[in-house]
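User: I am new to this structure and would like a close look at one part of it. Could you take me through a pair of packed helices, and then show me what lies around them?

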Amino acid sequence: MIVKMSGVNIWTEKYRPTTFDEMVGQQEIIKRVKSLVQALNIPHLLFAGPAGTGKSTLALIIVKELFGEKWKENYLELNASDERGIDVVRQKVKDFARTKAIENIPFKVIFLDEADALTKEAQQALRRTMENYTSTCRFIMSCNYSSRIIDPIQSRCVVFRFKLLEKKDIKKRIDFIAQNEKLNIREEAFDTLYEVSEGDCRRAINLLQATAAISPDVTNDMITMVSSAAKPADVRVVLDYAIAGDFIGARDKLLDTMLKDSVSGTDIIKSIQKEIWNLQVEPHIKVKLTEKTGEAEFRMIEGSDEFVQLQALLASFVLAGRGED
Amino acid sequence: MSLSEKYRAKRYSEILHQDQAVADIQKFLREFPKKKALILYGPAGTGKTSLAHAAAKENDLEVLELNSSDLRNRLKLEETLRPATQQYSLFKKGKLLLMDEVDGVTGTDIGGIPELVKLIHSTAFPIIMTCNDVWQSKLSPVRAKSKLVEMKALDLGTIISLLLKISEQEGFNKSPQFLKQIAIKSQGDLRAAINDLESYGRLSGEDIDLNDKRVISQSIFNVLRRVFKERQPFLDLYDTTDESLDEILLWIEENIPKEYKNEALARAYYALGNADVFRGRIYKNQHWRFLVYQNAFQSAGISFAKDAPLDGFTKYERPKRILKIWLNNQKIAKKKTIAKKYARMVHCSTKRALRDFTVLTPILKQESVQQKLQLSDEEVAYISSLK
């Protein structure tokens, strides 16, 4: 196979599939989408599924198949989690939809990535926008969970559920890259790569490239080293400080972690909730801590300053460390 | 002319005990336009305005003063400033824009802050601002564009010796003991001390009413001391201080672990959490009545978190979190712009790119990738500085 996308040495781009046949996994979805595209007409689409399973890639393939060389003029990509509010989204859609599509396709395509980052109110507004431009635009939306997309939008879309990529699918892609980049990946190194990337193909390829920057001979240890350096938010250390009774240490560590990796309070509390069960405290205290964590998560939504609620939660962990609840 | 005007420092040599600030301001003017604005901050009466004027004099600059309402009146601002900031060839003398007490910008004048930022961007002359509290959130856009110079409260000795000098020159004939009392009362505010001296100066006696405290509001430290040490239903404690409830919340947050341990610690943070929940409801629904709850939780709630009153002296600290966040934002500003460019290239969100930044670093270190992403020199430098 020939690598078509060249020039930029970012492997997630360089090796992004550009045809239906190149895609790994999601075969059922591809079959159905392919038939829609061949009819030169698509409805609104909703791609739901975990990160790194091919949602953006499939959207790009669709527009390339539809518009050929001229795909860039007929395609608008927006990321809902980055745009500052629905008004920005609407304005951009409006500007883009104003002109007609070219060639024999009567519509343009708007890809709205991470649509579940929009609030319910924003989605209602978006639904109006979809209706207004329905004659000139098709929306492809992606989300992690379709349950976070309001029903009126879901009902206007054909919903496709992307599954986590299987190990053999990721292996196929990684082997292809390894061959092109002349890498030597050990068997157990691939196992580790698959494990730490949790079925997320983008993450697997990024990790591979970061590791290959050290040496083309990719070993197990190197993958472990690179991925552990990149581990986000080490909540465990924060909790260990708190359990040991060092509140100030825990708090400082928490703030540093949040700032360093730009992690939000809600992300932190999710990690805390998972980490509770690995702590060295009595089981009934773990239950109590879970209750406190849930309470803190709820209060975070009501309150205005996430860090205040997180500190209140850390204080509960200090008590738990003393065997109290 | 009042004494405090008469004895206002006019040259660097007359500025007392602020050597660092003098050096900083001189460096700022020398290197202009490397940084275009400077903020002098510190307690009242430490010589901020005097220093700004002295700097103008030492550098032969003409001072152009602005106040906060000028900012709001866009038309007037443009009229007075645009010619002054841009066509400096018309004037023989250089100029220095002085904006006194920027933290006094309140209410509708706050709309002038973006104007001020624009002005800093476009000015052809150095801008000096003064304020007491530079860490207020409303000043953050200005802070980001300015060099910050702190002026410290003056020590007792400095104030006494100046009072002695003035008392002698004015023929007041006061004893050093009396002057010392005035100096103590001033709490580091030189202007206040000179004003007091003026009011007592021509009287014959040396009785000084120490209860007649200057109407300075209670310092935040006193308020904290009471709420942490005593155990009382302090519902109107915070009325006596200038700080806003939100500001006080940050101070309490910072200092709880210095006073409370274990159960008291947990109870205090829970109370603070309650205060924040009500604050969130105020923000979201504009339901200002809820302020009474926020106040109750962060006053009485904190006070009663302990089982008994506490003794001893505790050194409270200024809230560090806002400063830390600000510093961090400065630090990761480049990281953000890089992540944004990268995200656009690879069809993912900027947030995701930020989260994966460590793994992406070796990829971003490649020259070809940097060119493709059109990274600026500063962004390239940032990437190179990473491990």
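**Two helices in chain A**

The axes of helix 7 (residues 167-181) of chain A and helix 9 of chain A cross at roughly 30° and come within 11 Å. Axes here are lines fitted to C-alpha atoms, for helices over the stretch in contact, with angles running from 0 to 180 degrees between N-to-C directions. Helices (H or I, at least four residues) and strands (E, at least two) are DSSP runs, numbered from the N terminus.

Some background first: this is a predicted model, in which local features need pLDDT of at least 70 and side-chain atom pairs count only at pLDDT 80 or more, while totals for chains, interfaces and linings use all residues. Residues are numbered from 1 along each chain as its sequence is written, and chains are lettered from A and ligands numbered from 1 in the order in which they are written.

Back to our pair. Angles under 35 degrees count as roughly parallel, over 145 as roughly antiparallel, 65 to 115 as roughly perpendicular and the rest as oblique; helix 7 and helix 9 of chain A are therefore roughly parallel to each other. Their crossing is right-handed, meaning that the near helix is turned clockwise from the far one by less than a right angle.

Which residues meet? From helix 7 of chain A come Ile170(A), Arg173(A), Ile174(A), Ile177(A) and Glu181(A), and from helix 9 of chain A come Cys201(A), Ala204(A), Ile205(A), Leu208(A) and Ala212(A). Two residues are in contact if their C-beta atoms, placed from the backbone, lie within 7 Å. By class, this contact has eight nonpolar, two charged and no polar residues. Ala, Val, Leu, Ile, Met, Phe, Trp, Tyr, Cys and Pro count as nonpolar, Asp, Glu, Lys and Arg as charged, and the others, Gly among them, as polar.

Now for the surroundings. Where chains A and B touch, the contact takes 43 residues from chain A and 39 residues from chain B.

One last stop is in chain B, where a cis peptide bond joins Phe32(B) and Pro33(B), with omega about 10°. Pro33(B) sits in the loop between helix 2 (19-31) and strand 1 (37-41) of chain B.
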